[in-house]
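Subject: Structure handed over, with notes

Hello,

The sequence and structure are below, followed by notes on what was found. Please read the notes with the structure open.

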Amino acid sequence: MDNKRKHKEIQFTKLMKVDSYNGPRFLTLKRTDQDETMKTVSPFFIRKAMNNITLNVTIVRTKDGGLLLKTVDRQQAEKLKKQNVFGGIINIEITEQPTLNSSRGTIFCPDLKMHTDEEILDELSSQHVTDVKRVHRRNKKGDFEDSGVFILTFDLGHLPNSIDAGFHCCKIKQYIPPPLRCMNCLKFGHKRSVCKGNQICASCANLYHDKTQCQQGLKCVVCRGDHHTLSKDCPVYKDKLEIQRIKVTEKITYREARQKRRLQAPDPNPPRLRQPFSSLFKSQHNEADQQKNNEMTNRSNEDHIASTEPTHTDARSFGGTSQSAEFIIIKQQSVATEGVRGSIGGAESASTLVPCISGA
């Protein structure tokens with residue numbers, strides 16, 4: 001009986017030992033000289049200078065011109081933070097990376113609801129806890145109340161298995177933040193404070209109105225499925241949550257996490273196809289060519305019509321005198337003239353040329 005109790009106490013103590021973690025640490029190296037960065041420094045020089053200080057340090061360049069260092073353990077990180085000169089000629093400063101060296105987890109301990117967040121932080125700060133935030137939930141009346149769940153932030157690269165909260169040994173679970181969502185238009189990727197869209201009803205996906213007046217069926221704003229927009233069964237929400245999990249657990253950027261997710265599963269809500277600029281440019285040329293062809297066709301039709309209209313010309317004379325003559329082409333009709341000098345009797349056939357002399 002005593003042996004079983006001792007075995008349980010040993011296991012209990014192992015779970016509570018947060019200080020036993022001695023994993024890798026992330027540091028940032030920057031030059032202290034004014035207007036100078038590490039971009040112009042040779043990678044061969046950087047590697048040789050780093051090996052003179054310590055070995056097995058992973059080095060990556062950053063966009064701001066510094067270096068991101070990944071150490072083997074905490075002791076190596078402390079040694080690097082004491083360095084002020086790099087390679088004997090470059091003045092540097094090495095500090096802790098603010099985000100990669102921290103992790104967040106959740107614990108469930110209803111017995112802590114009687115304490116404020118500041119009091120809990122004071123008691124747990126010796127176990128590398130830097131921030132405490134309690135999670136609220138709505139009760140049946142619609143009011144918020146403490147759920148007994150607390151989000152703890154540690155200054156450790158990886159979460160410990162458990163933490164000692166008084167006489168409670170609380171297991172720690174990885175905290176996955178929910179996807180960023182606007183509660184105005186209900187779409188992902190931005191907050192309500194910067195939203196420029198209209199407020200949307202979460203039930204029917206139309207413009208916002210009173211819940212009692214919503215008589216239409218359920219429809220999701222994001223995936224257009226037959227469910228509530230805020231439902232956790234939405235395929236787009238599940239996909240965004242998985243991207244968040246990859247980002248947190250692997251400590252990478254959101255863009256890198258999304259690329260990894262796309263290798264695992266296709267996008268459940270692909271962007272709408274847009275007409276490329278090249279096709280738009282091509283269509284504009286086609287429209288211009290078509291308009292030009294139409295203008296040429298209209299011009300040729302006008303020329304044809306003008307050629308069929310009667311024309312007036314000046315003739316020298318018929319019978320040796322200068323007279324103005326008018327030539328009329330008469331098609332498929334009979335012409336009878338009466339009372340004209342030298343009357344023409346009878347009917348003329350189609351395409352007969354008749355000179356009409358005036359001023360005789």
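Strand E7 (residues 129–138) and strand E8 (residues 144–154) run antiparallel and are joined by nine bridges. Strands here are DSSP runs of E with at least two residues, helices are runs of H or I with at least four, and both are numbered from the N terminus. Two strands count as paired if DSSP finds at least two bridges between them. Opposite Val 132 stands Leu 152 in E8. The hairpin of E7 and E8 has five residues between the strands, and Gly 142 there takes a positive phi near 95°.

This is a predicted model, in which local features need pLDDT of at least 70 and side-chain atom pairs count only at pLDDT 80 or more, while totals for chains, interfaces and linings use all residues. Residues are numbered from 1 along each chain as its sequence is written, and side-chain values use heavy atoms, with hydrogens and water left out.

There is also an open sheet of five strands, in the order E2-E3-E1-E5-E4, with antiparallel pairing. Its edges are strand E2 (58–61) and strand E4 (85–86); each has a single partner strand, so one side of each is left without a neighbour in the sheet. Strands of a sheet pair through backbone hydrogen bonds, either parallel or antiparallel. E2 pairs with strand E3 (residues 67–70) over four bridges, in the antiparallel sense. Within this pair, Ile 59 has Leu 69 in E3 as its bridge partner.

Next, the cysteines. How many disulfides does a search of the whole structure find? The search finds zero, where a disulfide is a pair of cysteine sulfur atoms within 2.5 Å. For Cys 170, the closest cysteine sulfur is in Cys 109, 4.0 Å away, which is too far for a bond. Cys 204 is in no disulfide either, and the nearest cysteine sulfur, that of Cys 214, is 3.7 Å away. Cys 170 counts as buried at 6% relative accessibility, and Cys 204 counts as buried at 4%. Buried means under 20% relative accessible area, exposed over 50%, and partly exposed in between, with a 1.4 Å probe and protein chains only.

Last, Arg 181, which lies in the loop between strand E11 (173–174) and helix H5 (235–250). Leaving aside neighbours within four places in sequence, Arg 181 is in contact (heavy atoms within 4.5 Å) with residues including Phe 188, His 190 and Tyr 237. A polar atom of the Arg 181 side chain lies 3.0 Å from the backbone oxygen of Thr 229.

Regards

Methods: A polar contact is a pair of N or O atoms within 3.5 Å; within protein, one must be able to donate a hydrogen and the other to accept it, and residues adjacent in sequence count only if both atoms are side-chain atoms.
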